[in-house]
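Here are my notes on this one, point by point. Have the model open while you read.

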Amino acid sequence: MRGVPAGSIAASVKGEELILLPDRAVYWPALSTLLIADPHFGKAATFRAAGIRVPEATTATTLTRLDVLIASTSARRLVFLGDFLHAREGRHPATLDALAGWRTAHESLDMVLVRGNHDRRAGDPPPALRMACVDAPHVEGPFAFAHHPATVRGAYVLAGHVHPGARLHGIAHERVRLPCFWFGADSAVLPAFGEFTGLADVQPKIEDKIWVTTGHEIIAVSASSSGRHARAD
């Protein structure tokens with residue numbers, strides 16, 4: 001598919017084309033908008049501040065992945081569907097400096113944050129990031145951008161929060177758990193974009209659509225084979 005990474009697939013929702021990207025994001029071509037849920041910047045720093053040993057360089061890795069998506073889609077706008085910063089304890093100078101340097105490299109990119117539950121605890125991003133911060137639901141065209149999955153009259157909701165994952169079972173009894181895109185009748189949940197976020201099993205209705213991502217390819221799976229439970233991180 002021209003202009004987007006290999007392995008992507010197109011989904012038609014409310015008359016609009018959405019491109020599901022293998023690197024756990026959605027691109028809306030009509031408005032040149034890249035949608036990202038749950039980056040949780042500073043989460044690893046929060047754990048380290050509490051004396052818990054966790055992986056380092058997660059912020060740099062996440063920002064590098066964003067660079068690739070912005071370049072491959074030529075997106076002019078980036079919308080975060082909540083939980084940009086993980087916690088106040090995660091506002092480490094190194095994390096904020098990395099974010100500021102990354103923002104400088106994308107000066108022409110419009111950025112919007114639809115506040116999530118972690119954002120309310122962590123506070124809005126620093127002014128240097130030049131990010132418009134709004135409360136959910138944020139309605140644009142046929143879509144309502146939100147953090148928590150919800151019902152919004154007259155709009156199809158695109159949300160995060162759940163960190164959805166699906167458990168797949170092979171014919172040789174092998175099992176794998178993968179991030180997924182979960183599309184229902186009135187709303188969709190995007191996979192968490194952050195490096196250090198975990199997965200929650202989804203519990204879809206039989207008519208829902210589930211696409212798992214391997215990181216390189218999007219694969220459609222049946223709702224009946226995609227997991228048992230959903231929870232929030």
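1. H161 counts as buried because its relative accessibility is 11%, with buried meaning under 20% relative accessible area, exposed over 50% and partly exposed in between (1.4 Å probe, protein chains only). You'll find H161 in the loop between β10 (156-159) and β11 (164-169). Its side chain makes a polar contact of 3.3 Å with the side chain of N117. Polar contact here is a pair of N or O atoms within 3.5 Å; within protein, one must be able to donate a hydrogen and the other to accept it, and residues adjacent in sequence count only if both atoms are side-chain atoms.

2. Some ground rules: this is a predicted model, where local features need pLDDT of at least 70 and side-chain atom pairs count only at pLDDT 80 or more, while totals for chains, interfaces and linings use all residues. Residues are numbered from 1 along each chain as its sequence is written, and side-chain values use heavy atoms, leaving out hydrogens and water.

3. The protein has four helices and 16 strands; these are DSSP runs numbered from the N terminus, helices being H or I of at least four residues and strands E of at least two. Of its 233 residues, 52% are buried. Take the contacts (heavy atoms within 4.5 Å) between residues at least 6 apart in sequence: 66% of them join residues at least 24 apart.

4. Now look at α2, residues 58-73. From first C-alpha to last, its 16 residues reach 23 Å, close to the 22 Å expected at 1.5 Å a residue, where the expected span is 1.5 Å times one less than the number of residues. Its buried residues are T58, T59, T62, L63, R65, L66, L69, I70 and T73. They lie on the same side of α2 because they cover an arc of only 160° around the axis, taken from the directions from the helix axis to the C-beta atoms. V68 and A71, on the other side, are exposed. S74 follows α2 and has a positive phi, near 60°.

5. The largest nonpolar core holds 26 residues, and L66 and F84 are among those with the most contacts inside it. A nonpolar core is a set of buried Ala, Val, Leu, Ile, Met, Phe, Trp, Tyr and Cys residues joined through side-chain atoms within 4.5 Å. α2 gives this core its largest share, four residues. A second, separate core has 22 residues, including L18, L158, W211 and I218.

6. Which residues does F84 touch, not counting residues up to four places away in sequence? They are P39, H40, F41, L99, L113, D119, P125, L129 and M131.
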